[in-house]
Amino acid sequence: MLLAVLSGFLLAIVAPALHRISGRYIGWVLAILPATLTAYFASLIPDVQANGSMVLEYAWLPGLGINLNFLVDGLSLVFALLISGIGTFILIYAGSYLAGHRYLARFFVIMLSFMASMLGLVLSDNLITLFVFWELTSITSYMLIGFNHEDMEARKCALQGLFVTVAGGLALMAGLVLLAIISGSYSLSEILASDMAIHEHAFYTAAVICILAGTFTKSAQVPFHFWLPNAMAAPTPVSAFLHSATMVKAGVYLMARLNPSLGEGELWSQALMLFGAATMFTGAYLAFSSTGIKKVLAYSTIMALGTLTMLIGVGTELALTAFICFLVAHSLYKGALFMIAGALDHETGTKDITLMGGLKKTMPVTAAIACLAALSLAGLPPLFGFIAKELLFESLLDSPLWSAGLTTAAVAAAVLIVGVAGLVAIKPFFGRVGNTPKTPHEAPLGMLVGPAVLSLTALVFGLAPFLPEGALLRSAVGAVNGSPVDTYLALWHGVNVPLILSVGSLVLGLSLLSSWNRLQPALFAINTSAARFGPETGYFRFMEGITVVAAWQTRVLQNGVLGLYLLLLVAVTFGLTGYTLLTHHGINLTLDLTDSHFYEWGIALLLIAAAVFASATHSRLGSVASMGVLGFGVALTFILFSAPDLGITQLLVETLTVILLVLVLFKLPEFVNLSSPFERYRDLAVATFAGVVMTLLILAALDVQYFESISSYYIENSAPLAYGRNIVNVILVDFRALDTLGEIFVLSLAALGVLSMIKLKAEDQHKP
């Protein structure tokens, strides 16, 4: 399993070399890996059917309890098969679609890394490794969206997607950590198997909010949906893969994965139903009101993501069955339709539906595949999309909460999506021949094999739904539910309310489609007006606000004045230290001054007076001299407390420092500007505050002793073991001999450096 997950990264390393060897067949060559992975994951289906789930363990950071564990069950296998199976056709398609592109090798490197990251995400059992792969999908998708890096619009859209998903990723990281704290484990399998009532924990609300922030941004839920259509700046193979099996499905996967543990709380279910329903309707409306074929498909993906989120929130066995079926159906028809959209763009030179028409004569195979996939999008029999749509309506009618509202929203979205399916299948291929920039002709085999296989798979699954149900879908539903579920999928359930709703949505959708040309100007005006107050406008204003704040922060805090840098550093450091000291220790210090002597107070007052004079005087020499007095006072303190060697060292160093400073100051010009009174009082306040905090910190530290003092050991053993009565010298020379040796070595290196500089200077002076 480890090799299966990491194989995409390994192949990415050699992809450029393979491109040079295989040339225009590079897509077919690279597709061997995901095809092999598809076969491998399919071979695990019998084990999952027999055992329910398996955890495959590989040690990574055992000291930190972090392992590369992989959880294989129905849910992870469904996603793994979609990623590797659709990825096979995406690589073949990309080799044909981008044939001759000068950066094709680079594209495959990123695409393979993206595929491997997504596989790692859906198979990871450890929350830490899951988050690592989660962020890798954000980074690689950023590279893919901005693949045409010479296009400023592509770079802008890539950054937008990165900012939104990574911001959500930070929230997700906090949520996963909180979940681990609540459950006491970072293992998904252990969390899911636990009987703990997570929804009753004090951290439950915070964990759910953080996790949903991460999943909603990743899966483009309202109000974060705006980044996904802009991601269409990526090449079409990226869009097809991103929308059908990867990236945007990552958030849906994580919500489904955590549903057994978090779904017992009302916050989880109600948030998913509310945001999912809003996203479903918003995506359907924006898809119907768009004209670019990739935009239409992108917004219909938002509709599907909202539907999937809503079904997880409903949480009944029937709703979770509908979730898995809708997930598979959407992956099949959306992958096919995006590749068809790329073929239309590639062969006609335009993405605008209004310029297309009558292409069935010149692109008959493409037209047949597009119609088959569009039927599944519209939810018509005998495609698998029809079964998913019927289950959707049935589960919402039986929803324990908000049944009428959710059903109404779903029917309205279905009506609009029927119109969208007509736009994709009827508008480009039937009717009057359009005036396209390029003379259209049939797409090459590499661009048709993928959508053909996916569309035919949707047809087979629709005619024989027991095949996917018995193989894997029932296990996947059980994984999302947290316990086994009895499912029954059939193409025909008789005349019932879901069927009536399906027929009604079909009739109304076709009616809307017939009025599309007349409605388009009004829809365009509405969208333009609403965009001024929409979430994307808020995003741009937020980014502008960050720029304004950054400019202000640079102007005020990073203005090149070294003294201000030091002031802020001291203020923030001691402010945080003082706050921590106050909240954890309190001002509860006891000072015993009964043993103090008058000369000790005299030294203390001398130190204070020297520090005040050094700060207040306008004379640089006077300031240096008072600092010397301060150093000599410290030396007296050492001597008073029986450390004459330290006192002598301090005297020598302080004397040398004062002499050097005086010699340097003679060479420096006089002060031109002195600090203003406000600046001096400000600096005094910060300095006083830092001194008080440091004093309190030292006094507090004296009251804390975690281990027995080792001073008695040195007192008892200095003479018998080291034959020395000066304890400090004995410690330096004997007990800490390696420390002293290291210091001597450093001083020797410094001396050699100084000597070499002196010799070089002398040689330069003697040169002619």
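In the predicted model, the lining of the second largest pocket comprises 19 nonpolar, 18 polar and 6 charged residues. This pocket holds about 830 Å³ of space. Its lining is formed by 43 residues, and Gly478, Ala479, Asn481, Gly482 and Ser483 lie nearest the centre of the pocket. Several elements each supply at least two residues of this lining: the helices α4 (45–51), α9 (188–193), α13 (248–262), α14 (266–288), α15 and α21 (466–481), together with the strands β1 (53–56) and β4 (70–73). Of these, α21 provides the largest share, with 9 residues.

Rolling a probe the size of a water molecule over the atoms shows where empty space is left. The count comes to 1 cavity of 30 Å³ or more. The largest cavity has a volume of about 170 Å³. Its lining consists of 18 residues, of which Met303, Phe326, Leu377, Lys389 and Ile417 lie nearest the centre of the cavity. The elements that contribute two or more residues to this lining are α15 (293–314), α16 (317–348), α17 (364–378), α18 (384–397) and α19 (403–425). The greatest contribution is that of α19, which gives 5 residues. By class, the lining of the largest cavity is made up of 14 nonpolar, 3 polar and 1 charged residues. Helix α15 is named among the contributors to the lining of the largest cavity, and α15 is also among those that supply the lining of the second largest pocket.

Charged pairs were then considered. Side chains of opposite charge can pair when their charged atoms come close. In the whole structure, 6 salt bridges are found. One of them joins the side chains of Arg102 and Glu150, with an N to O distance of 2.3 Å. Arg102 belongs to the loop between α5 (74–97) and α6 (104–123), whereas Glu150 belongs to the loop between α7 (127–145) and α8; the pair therefore ties together parts that are 48 residues apart in sequence. Both partners of this pair are classed as exposed because their relative accessible areas are over 50%: the value is 59% for Arg102 and 55% for Glu150.

A further salt bridge is formed between Lys156 and Glu153, whose closest N and O atoms are 3.6 Å apart. These two residues are 3 residues apart in helix α8, so that about one helical turn separates them. Lys156 is partly exposed, with a relative accessibility of 40%, and Glu153 is likewise partly exposed, at 41%. A salt bridge also links the side chains of Asp683 and Arg682, with an N to O distance of 3.2 Å. Asp683 has a relative accessibility of 32% and counts as partly exposed; for Arg682 the value is 29%, which places this residue in the partly exposed class.

The surface also carries a nonpolar patch of about 520 Å², made by Leu170, Met173, Val177, Ile181, Tyr186 and Phe203. Within this group, Ile181 lies in helix α8, which covers residues 152–183. Ile181 is partly exposed, with a relative accessible area of 48%.

Definitions and conventions: Residues are numbered from 1 along each chain as its sequence is written. This is a predicted model: local features need pLDDT of at least 70, side-chain atom pairs count only at pLDDT 80 or more; totals for chains, interfaces and linings use all residues. Side-chain values use heavy atoms; hydrogens and water are left out. Patches are made of residues with over 30% relative accessible area and no salt bridge: like charges are joined within 9 Å, nonpolar side chains (Val, Leu, Ile, Met, Phe, Trp, Tyr) within 5 Å. Accessible areas come from the Shrake-Rupley method with a 1.4 Å probe; for residues, only the protein chains shown count as cover. A salt bridge is a side-chain nitrogen of Lys or Arg within 4 Å of a carboxyl oxygen of Asp or Glu. Helices (H or I, at least four residues) and strands (E, at least two) are DSSP runs, numbered from the N terminus. Buried means under 20% relative accessible area, exposed over 50%, partly exposed in between (1.4 Å probe, protein chains only). On a 1 Å grid over the protein atoms alone, a cavity is a set of points where a 1.4 Å probe fits but cannot get out, and a pocket is an open set with protein on both sides within 12 Å along at least five of seven lines; lining residues have an atom within 4 Å of a point. Grid points are joined across faces, edges and corners, and a volume is the space filled by probe spheres set on the points. Ala, Val, Leu, Ile, Met, Phe, Trp, Tyr, Cys and Pro count as nonpolar, Asp, Glu, Lys and Arg as charged, and the others, Gly among them, as polar.
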